[in-house]
Amino acid sequence: MTATATLGNSRTQDAFTTAKKCITLFGAIGVITLATVAVMASLGHETTPFMWIRGVIFPALAPVLLRVTARAEGGSAKAFDRIRTISTVMPLAVIGVDLIPGICPAWYAVLQGLSALALIPVAILTRTSAFPKAK
């Protein structure tokens with residue numbers, strides 16, 4: 001994938017725009033999840049270190065993913081491969097961990113799952129013909 005091929009293709013630009021929106025949604029839901037954990041803790045409900053740590057990691061990861069996506073949009077094949085891999089593996093890992101009985105409350109698993117689901121369109125987009133094949 002070359003920078004010229006990437007920047008010159010309107011369909012590719014639209015796909016990158018959509019990917020960035022999905023990653024932003026991933027981060028926004030992460031912030032909502034973290035805020036919910038904080039509210040629940042302040043109301044005296046039980047929260048765990050798992051909930052806090054993971055709640056902080058997701059919103060912190062979104063800007064990193066956006067930066068990687070911007071590099072991929074600029075023509076970096078390495079960055080493109082990274083965002084494609086992360087957007088595929090992360091939803092599976094998040095949902096898989098959330099399904100472990102007793103690891104977190106159902107409301108938390110739902111919010112984290114929604115956040116991870118926002119990355120699935122990125123995984124699909126990076127595997128379609130909207131993107132030029134790496135050379």
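This is a predicted model: local features need pLDDT of at least 70, side-chain atom pairs count only at pLDDT 80 or more; totals for chains, interfaces and linings use all residues.
Does Phe-50 count as buried, exposed or partly exposed, and at what relative accessibility? Phe-50 counts as partly exposed, because its relative accessibility is 26%.

## The fold in outline

The protein chain has six helices and zero strands. Along the sequence the pattern reads α-α-α-α-α-α. The chain has 135 residues, and 37% of them count as buried. Take the contacts between residues at least 6 apart in sequence: 77% of these join residues at least 24 apart. The accessible surface comes to about 7100 Å². Carbon and sulfur atoms account for 71% of that surface.

A pair of aromatic rings is described by the distance of the centres and the angle of the planes. The count of aromatic pairs here is three. Phe-50 forms one of them with Tyr-108, and the geometry is edge-to-face. The centres lie 6.2 Å apart, with 65° between the planes. Phe-50 sits in helix α3 (residues 49-73) and Tyr-108 in helix α5 (residues 106-117), so this pair ties together parts that are 58 residues apart in sequence.

Tyr-108 counts as buried, because its relative accessibility is 0%. Tyr-108 also pairs with Trp-107, again edge-to-face, at 5.8 Å centre to centre and 85° between the planes. Trp-107 has 26% relative accessibility, so Trp-107 counts as partly exposed.

## Helix α5

Tyr-108 belongs to the buried residues of α5, along with Ala-109, Leu-111, Gln-112, Gly-113, Ser-115 and Ala-116. Which elements do the buried residues of α5 pack against? They pack against α2 (10-42), α3, α4 (77-98) and α6 (120-125).

## Nonpolar cores

In soluble globular proteins, nonpolar side chains tend to be buried together. The largest nonpolar core in this model has 19 residues. The residues with the most contacts inside this core are Ile-23, Phe-26, Leu-65, Ile-83, Met-90, Leu-119 and Val-122. Helices α2, α3 and α4 are the elements that give two or more residues to this core.

Met-90 touches Phe-26, Phe-58, Leu-61 and Leu-119, leaving aside residues up to four places away in sequence. A second, separate core has five residues. Among them are Val-37, Met-51, Cys-104 and Ala-109. Ala-109 is also one of the buried residues of α5.

Thr-69 is found in helix α3. Its relative accessibility is 1%, so Thr-69 counts as buried. Thr-69 touches Phe-16, Lys-20, Ile-23 and Ile-83, not counting residues up to four places away in sequence. Ile-23 and Ile-83 are among the residues with the most contacts inside the largest core.

Ile-53 also has its place in helix α3. Ile-53 counts as exposed, because its relative accessibility is 52% and the exposed class begins over 50%. Ile-53 and Leu-34 are 19 residues apart in sequence. Their C-alpha atoms lie 9.3 Å apart in space.

## Salt bridges

Side chains of opposite charge can pair when their charged atoms come close. The structure holds two salt bridges. The table lists them.

| Salt bridge | N to O distance |
|---|---|
| Lys-20 and Glu-73 | 2.6 Å |
| Arg-54 and Asp-98 | 2.5 Å |

The bridge between Lys-20 and Glu-73 links distant parts of the chain: Lys-20 is in helix α2 and Glu-73 in helix α3, 53 residues apart. Lys-20 is partly exposed, with a relative accessible area of 26%. Glu-73 is buried, with a relative accessible area of 12%. Lys-20 is also one of the residues that Thr-69 touches.

How far apart in sequence are the parts that Arg-54 and Asp-98 tie together? They are 44 residues apart, because Arg-54 lies in helix α3 and Asp-98 in helix α4. Arg-54 and Asp-98 are both buried.

Terms used:
Residues are numbered from 1 along each chain as its sequence is written. Side-chain values use heavy atoms; hydrogens and water are left out. Rings of Phe, Tyr and Trp (its six-membered ring) pair if their centres lie within 6.5 Å; planes under 30 degrees apart count as stacked, over 60 as edge-to-face and the rest as tilted. Helices (H or I, at least four residues) and strands (E, at least two) are DSSP runs, numbered from the N terminus. Buried means under 20% relative accessible area, exposed over 50%, partly exposed in between (1.4 Å probe, protein chains only). Contact means heavy atoms within 4.5 Å. A nonpolar core is a set of buried Ala, Val, Leu, Ile, Met, Phe, Trp, Tyr and Cys residues joined through side-chain atoms within 4.5 Å. Accessible areas come from the Shrake-Rupley method with a 1.4 Å probe; for residues, only the protein chains shown count as cover. A salt bridge is a side-chain nitrogen of Lys or Arg within 4 Å of a carboxyl oxygen of Asp or Glu.
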